[in-house]
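Let us walk through this complex one part at a time. Keep the model open while you read.

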Amino acid sequence: MSGARWLNLRRGFYRFRRSWLSMVGLVIVAALVLVALVGPALVPHPEHVAGGINTTARFLTPSASAWFGTNELGQDVFSLTIAGSRVSLLAGISVVVLAAGFGTLVGAVAGYYGGWLDEALMRFTDLMLTLPSLILAMAVAAAMGPGLGNTVFAIALSWWPGFARLVRGEVMAKKADTFVIAARALGAGTPRILGRHILPNIASPIIIKMSLDMGFAILTVASLGFVGIGVKPPTPEWGSLLSTARGYLPDYWWTAIFPGSAIFLAVFGFNLLGDGLRDVLDPRARR
Amino acid sequence: MIVPVLLGLSLLVFAISHLLPGDPVALAAGPQATKTEIAALAHELGTDQPLPVQYWSYLTGLLSGDWGQSVLTRRPVLADLRIYLPATLELVVAAMALAIVIGIPAGLLSAVFVDRWPDYLSRILSLGAISMPRFFLGLLLQLGFAMQLGWLPLNGRYPIIEDPPPFVTGFLSLDALLAGDPDAVWLALTHLALPAIAMSLSPLATITRMMRSATIEVLQQDYVLTERALGLSRWLIIFKYVAKNAMSSSLTVIGLYVGWLLGGSVLVETVFDWPGIGLYATKAIVTQDFMPVMGVTLAIGVVFVLVNLVIDLLYGVLNPKVRLG
Amino acid sequence: MAHTFPRRHLLTAAMAATGGAVLPATLSGPAQAQARKILVIASNQDIPSFDPHVASGYSSAALLRNVYDSLVRVEGNPVRVLPHLASSWTVSPDGMEYVFKLNPAAKFADGTPVDAAAVRYSFSRLLRLGKGNSWMVAGLIDDNSVTAVDATTVRIKLVKPFAAFLQVLPWQWIVNPKLVEANKGADDAQTYLRGTIAGSAAFRIKRAEPGNLYEFERVANHWRTGGGNLTGAIWRIVRETSSQRLALQRGEAHIAVDLTSEDMVALKDKPGVKLVIEPEFRTFSIKMNTEFGPLKDINLRKAISYAFNYQAMRDTAGFADLMVGPLPNGILGHDPKLAVYRTNLAKAKEYLAKSEAAKGGLKLSMVYVSGLEQERQFGLVLLDSLKQIGIELDIKAMVWPDIVASAKTPASTADFYPVYQTANYGDPDNIAYAAYHSSRNGGWQNPVYHSAKVDALIERGRAESNEAKRKAIYQEFQQVVVDDAPDIFGVLEKRRLALRSDVRGFVFTPVAANAIELFGLSLG
Amino acid sequence: MALLEIDNLHLAMRSFDGEAQVLNGISLSVDKGQVWGLVGETGCGKSVTGLSVARLLASPPARYFGGAIRFDGQDLMQADEAAMRRLRGRRIGMIFQDPTTNLNPVFRIGEQMVDVALHAGATDPAILGLPQGAPRRARLAAARQLAIRMLDRVGIPKAVDRVDDYPHQFSGGMRQRVLIAMALIGKPDLLIADEPTTALDVSVQAQILQLLYDLVGEEGLAVLLITHNLGVVAQICSHVAVMYAGNIVESGDVRSVFKQPGHPYTRALLAAVPTVQSVRGALQDLPGAVPDLIHPPPGCRFAPRCALATPACAQALPAPVPVGPLHSVSCLAVGAAA
């Protein structure tokens with residue numbers, strides 16, 4: 001079995017390498033991560049990222065000295081956009097990790113114990129899924145006040161049900177597997193069975209979902225920023241940059257186009273990559 | 001099915017709105033209110049009662065058509081929804097119609113030309129479309145078609161100096177049609193165009209992708225080989241025999257998307273100043289006016305459940321086994 | 001091609017109606033709208049309440065001044081007080097007693113005459129509720145001040161002398177007692193008047209779609225004669241200022257009231273557009289929490305006042321002048337030569353050294369109204385300035401009601417608190433009283449600052465009727481306030497309005513100029 | 001001239017692991033009135049041969065690199081898709097193995113049959129009994145009548161009522177009858193039947209075979225019956241071709257081949273059939289396994305498993321050697337003996 005699995009994985013990576021779309025995604029995401037790690041230190045105007053302004057150079061058109069032009073406060077749009085990658089990436093990862101963590105907990109408990117607990121948890125999960133997630137996130141974020149942490153929490157709150165359902169199904173399927181029954185026969189405790197035997201075996205669908213969700217998490221963070229419920233100034237968050245820039249269209253288009261394109265590019269990269277990863281890790285779901 | 005879902009939804013919405021920080025009563029009372037005035041208002045609104053009592057009265061209110069009062073608009077929430085929900089629904093229906101009309105053939109073609117350039121093109125475009133922030137696309141559309149070219153109106157549902165057609169369904173284009181006024185229909189449609197396009201992109205892409213994968217699966221079915229072997233033309237097979245089979249899996253997506261678009265209409269409505277429930281909810285959220293937020297959430301839940309009932313019926317139309325079996 | 005005509009016709013109509021610049025409007029044009037003469041005002045502010053004694057703020061003022069009438073009205077620059085419901089008036093030599101002769105033609109919408117009893121009733125309700133614009137007359141009149149001498153004569157006796165009394169009267173609306181009494185309920189008809197108009201003005205509300213638009217229509221055969229040719233108007237909520245600008249540019253709106261300086265620059269040479277850029281008595285300052293937290297320390301306040309980058313603030317504000325002291329430039333008693341703080345890092349550091357903050361590591365907080373772009377920019381200017389003296393700033397956007405709520409106690413008030421003060425009347429008392437008198441503590445206009453000396457000066461200035469003496473009092477007031485450094489005195493933004501050139505009869509008035517008065521306007 | 005002539009056909013198929021030599025030069029000639037059985041194990045290329053005749057293999061992955069297929073004198077390897085469509089459903093009918101999956105589940109059977117009839121009628125209006133250019137309405141009605149007649153013909157009771165039923169409302173055997181009706185609606189000259197009875201119950205199998213046998217007799221069809229079941233061949237075929245790993249190793253009239261099998265593989269095949277009912281799967285008597293077609297053995301592909309193999313067998317593919325009037329065998333051993 002493990003041989004077959006290895007072959008599947010190898011064929012998967014073969015397909016991944018063959019699919020240039022996935023490779024493009026990988027390149028974009030790698031670039032994004034790199035930019036998020038080192039970018040803020042290397043940008044031409046790190047002081048603008050920290051909130052510094054230069055009102056003598058407002059609304060300069062893109063040029064060799066300011067690649068993406070400057071904004072209403074004379075800040076370098078290139079520096080802000082680059083620095084925004086860290087904010088978005090961090091927020092996106094936090095949302096997905098929080099949601100996956102909580103969703104896995106709920107799903108694993110429901111799937112493993114079954115019975116009324118499963119029934120109750122899943123009814124709750126389904127209800128959460130019927131709630132309009134963006135409105136819920138907006139309401140929670142607005143009530144908690146601005147700030148990246150609050151935004152992330154609010155989004156994760158509406159994000160976990162997807163993971164819970166996924167994990168529940170996988171756990172239920174694995175529960176009946178012989179190795180789990182054997183472990184139980186040997187007297188392993190529930191946390192041990194779940195943690196050591198079941199969860200590692202269902203990691204790949206969770207990872208696939210996390211990678212597929214990354215793009216949308218970034219998108220949702222930007223959406224909240226755009227409607228004005230998001231980070232505090234001067235945090236250079238793409239959605240709020242776009243929201244501000246919107247007031248200066250069409251004359252100062254560069255203040256909007258670059259942060260907007262950055263959102264698109266980041267989400268696009270993660271979606272390409274997620275699609276490719278799904279092909280690799282889950283050959284059944286190909287196409 | 002609809003009753004327990006709504007019961008649960010109302011409980012959940014009620015619970016969330018009471019768990020959140022903020023004092024809606026103080027806000028409702030206004031900045032100049034004194035402590036006694038706030039207490040009086042709390043008493044009047046019943047918020048000084050224990051939570052179960054409050055929920056019970058909220059629930060009985062819901063059932064008797066009293067969805068609470070909006071502080072912001074000073075009107076009953078249900079009356080507001082009567083205006084704003086159709087506006088959003090019109091947008092969602094238009095967007096879904098676009099998505100279906102384009103997405104289904106696009107997905108079919110993508111599958112037929114699998115791994116050739118039309119397929120690559122449609123796959124890149126659809127992934128791109130899914131990744132495109134709707135609000136950014138909306139801004140770009142405004143920038144291009146309204147600001148630069150001036151072909152279409154920038155925002156709103158109808159020219160502000162014109163009287164809209166009499167309110168019947170709340171769907172302006174439909175109301176204009178009912179009023180027999182072709183100019184009004186045209187005006188309503190031109191206003192609808194850009195926001196509908198901005199909203200349709202994501203479902204369009206998803207339907208294309210679903211349709212593509214479903215079609216690829218269907219194309220491998222034995223009956224397609226039989227149909228080909230008996231000489232039926234490729235296009236007849238694809239657009240008639242394959243399409244109907246592949247469509248049922250896209251139906252699920254369509255059902256899910258209607259709910260998703262209703263909840264996500266906020267973004268497009270913000271960009272286009274479209275007076276629907278998204279904008280209504282946003283305004284209510286930032287002023288912490290909770291009755292409308294709860295009302296909007298519930299309304300979306302109701303529509304979502306209803307749409308999925310319709311989808312279940314449509315399944316029957318597409319798949320005789322479900323209908324007859 | 002003849003068969004395509006109907007389609008073309010539709011397109012033409014659509015373009016014309018949406019102001020499309022593609023085809024000449026003369027082709028078909030919105031003929032109906034032309035005949036109807038409806039003026040469209042684009043504003044980003046919703047109208048929260050119609051109750052004339054509860055609502056405040058410019059959008060409400062815009063609504064109320066068109067659907068209710070007041071005893072007198074103001075117009076022009078400099079501001080002149082003109083007859084309105086009162087066709088004439090006299091003032092006693094000591095300035096304590098005003099007698100108004102009402103226009104006998106004035107009628108409420110239901111035909112009831114606007115008589116002295118109605119005026120008395122309206123003032124009494126205003127004082128009873130204590131909301132809305134009541135602060136303008138609070139302490140000046142009481143329930144016995146307003147008396148009906150006869151049906152058309154009203155006497156108002158001030159409790160305290162107040163030089164600018166006539167200037168506040170345009171904002172005190174007269175309601176129809178018959179309607180209010182009939183719908184009084186338990187809350188003095190607040191529920192009723194929140195959405196219903198009981199006034200006597202030349203316009204009434206035809207359509208109200210909160211969050212979207214408010215449509216006015218002209219009352220037929222109104223008692224007021226003259227005025228412009230408007231048959232109606234629409235107060236249209238357009239949140240984005242750039243959308244307002246485009247709506248104006250395309251002729252979809254006739255007046256845009258919330259434009260940014262950038263918008264004004266962009267509109268400068270556009271055909272069919274008239275720009276109004278005029279100084280106005282509207283101050284923008286960043287208030288400091290003089291009662292709670294690090295800013296209790298006057299040395300720190302002075303250090304910050306010197307560190308602040310005033311030039312950057314002026315740059316971002318566009319069409320604006322820097323304030324010289326607490327009072328708006330050009331108002332009675334304003335001292336243009338007052339020595340005020342200007343950016344001087346050496347002095348800033350000198351004062352900083354005298355304060356607790358010299359140790360460093362200080363982090364201060366600032367709130368601003370979410371969505372108010374200009375305030376956000378000023379916040380960033382402050383952040384940048386504070387960084388120069390090693391102080392961090394936490395900027396937080398809050399909705400207006402929350403900010404107002406936070407102003408209730410010094411402890412809940414942020415360290416920095418930006419606020420616009422619009423003069424409702426062109427007198428120094430307006431800003432001085434609203435923004436610096438201790439009786440306003442706990443309210444949004446002056447959450448925390450109080451000084452016995454300043455209070456005394458304000459009260460003296462209010463009571464004095466001799467103009468030269470008043471000037472002297474306000475000079476002293478300005479000096480004392482500047483020495484106390486309770487605010488970072490910011491900018492006076494010029495009023496920025498853009499009008500279509502076919503709007504006629506517009507007279508700029510430097511008080512509440514964005515609350516457009518419709519009566520005198522014409523289209524075409 | 002035979003109705004169908006397959007001449008030295010070579011076909012390769014691309015896959016994940018490489019290109020498989022699926023058909024290695026097969027030749028076959030089918031005349032009107034003949035019922036040819038094409039037998040062999042799974043993967044020997046018999047189904048691919050049938051699909052090749054109708055040109056239904058997608059290319060890529062299929063690649064023809066030699067040989068010809070002639071139908072009624074027309075070279076099908078040169079025919080374009082439009083030309084092929086004129087043949088399919090009209091002059092060449094096909095039925096496949098599993099009747100449960102070969103009918104489109106979401107359409108009424110009548111609708112599917114009407115479309116096939118309309119298509120056939122478009123090529124030959126006589127099939128609908130209407131003159132050229134008849135209105136669509138008339139053609140639709142005629143097609144429907146034809147569908148009902150065909151259903152009746154294949155033994156569907158109350159065909160008029162059942163024409164508007166969905167596939168899932170029929171039993172497996174009935175569905176195969178529907179498929180046969182659909183394949184014959186265009187009055188084809190050649191019927192390609194790929195394992196038409198394999199998926200059916202034993203009792204139903206016999207009925208379907210009987211039906212096919214009767215129809216062949218009545219219509220004078222040529223039939224290419226693809227099966228792994230020698231019993232079926234014995235029952236209704238007039239001729240048989242035995243395939244092994246992409247080659248026809250032996251062909252001839254059924255009687256001759258069954259009585260005097262020449263090729264070692266044919267003999268093994270016949271030996272493995274204890275009864276009419278054959279068991280699908282490996283032939284126990286033979287050592288080794290079916291060769292890997294990506295890297296086929298040189299020369300005779302059966303040689304690695306053949307008891308009679310000599311070093312010469314690995315040199316070249318043995319040519320068919322006639323052993324009877326219609327009977328030929330491709331085997332060096334047989335050639336040497338002859």
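This is a predicted model: local features need pLDDT of at least 70, side-chain atom pairs count only at pLDDT 80 or more; totals for chains, interfaces and linings use all residues.

Two strands count as paired if DSSP finds at least two bridges between them. Take strand 13 of chain C with that in mind: 7 bridges join this strand to strand 17 (residues 416-422) of chain C. The two run antiparallel. C:Thr283 has C:Gln421 of strand 17 as its bridge partner. Strand 13 of chain C also pairs with strand 18 (residues 487-493) of chain C, again in the antiparallel sense, over 5 bridges. Here C:Ser285 has C:Phe489 of strand 18 as its bridge partner.

The predictor gives the complex an ipTM of 0.79 and a pTM of 0.82. Chain C averages a pLDDT of 86, and 93% of its residues score at least 70. Residues 1-34 of chain C call for caution. There pLDDT stays under 50. For this stretch the model has 41 contacts beyond four places in sequence.

Now step back to the whole of chain C. The chain is divided into three parts: domain 1 (1-68 + 201-280 + 495-524), domain 2 (69-187) and domain 3 (282-493). Domain 1 is written in three segments. Where domains 1 and 2 of chain C meet, 18 residues of domain 1 are in contact with 20 residues of domain 2. The domain 1 side has 13 nonpolar, 3 polar and 2 charged residues.

Chain C also holds an open sheet of 7 strands. Its order is 8-9-10-1-11-19-12, and the pairing is mixed. Which strands stand at the edges? They are strand 8 (203-209) and strand 12 (273-278) of chain C. Each has a single partner strand, so one side of each is left without a neighbour in the sheet. Further in, strand 1 (residues 38-43) and strand 10 (residues 232-237) of chain C run parallel, joined by 6 bridges. Across this pair, C:Ile41 stands opposite C:Trp235. Helix 3 (residues 58-67) of chain C packs on the sheet. Helix 3 touches strand 1, strand 8, strand 9 (213-218) and strand 10 of chain C. The direction of helix 3 makes about 140° with that of strand 8 of chain C.

Move to chain D, which has an open sheet of 8 strands. The order is 6-7-8-3-9-10-12-11, with mixed pairing. The edges belong to strand 6 (92-95) and strand 11 (321-322) of chain D. Each of these has a single partner strand, so one side of each lacks a neighbour in the sheet. Strand 9 (residues 239-244) and strand 10 (residues 247-253) of chain D run antiparallel and share 6 bridges. In this pair D:Val242 has D:Glu250 as its bridge partner. Helix 10 (residues 264-271) of chain D packs on the sheet, touching strand 9 and strand 10 of chain D. Its direction makes about 105° with that of strand 9 of chain D.

Chain B is divided into domain 1 (2-63) and domain 2 (84-276). The C-alpha centres of these two domains of chain B lie 38 Å apart.

How do the chains meet? Among the 4 pairs of chains that touch, chains A and B have the most contacts. Their contact takes 36 residues from chain A and 40 residues from chain B. On the chain A side, helix 5 (115-130), helix 6 (133-144), helix 11 (203-226) and helix 13 (254-281) each supply at least two residues. By class, that side has 26 nonpolar, 6 polar and 4 charged residues.

Chain D meets chain B too. This contact takes 24 residues from chain D and 21 residues from chain B. Helix 3 (109-123) and helix 6 (172-184) of chain D give two or more residues to the chain D side. That side has 13 nonpolar, 6 polar and 5 charged residues.

Other pairs do not touch. Chain A and chain D have their nearest C-alpha atoms 9 Å apart, without touching. Chain C and chain D do not touch either, with their nearest C-alpha atoms 31 Å apart.

Notes:
Residues are numbered from 1 along each chain as its sequence is written. Chains are lettered from A and ligands numbered from 1 in the order in which they are written. Two residues are in contact if their C-beta atoms, placed from the backbone, lie within 7 Å. Helices (H or I, at least four residues) and strands (E, at least two) are DSSP runs, numbered from the N terminus. Ala, Val, Leu, Ile, Met, Phe, Trp, Tyr, Cys and Pro count as nonpolar, Asp, Glu, Lys and Arg as charged, and the others, Gly among them, as polar. Domain bounds come from an automatic or database domain assignment. Axes are lines fitted to C-alpha atoms, for helices over the stretch in contact, and angles run from 0 to 180 degrees between N-to-C directions. pLDDT is the predictor's confidence in each residue, from 0 to 100.
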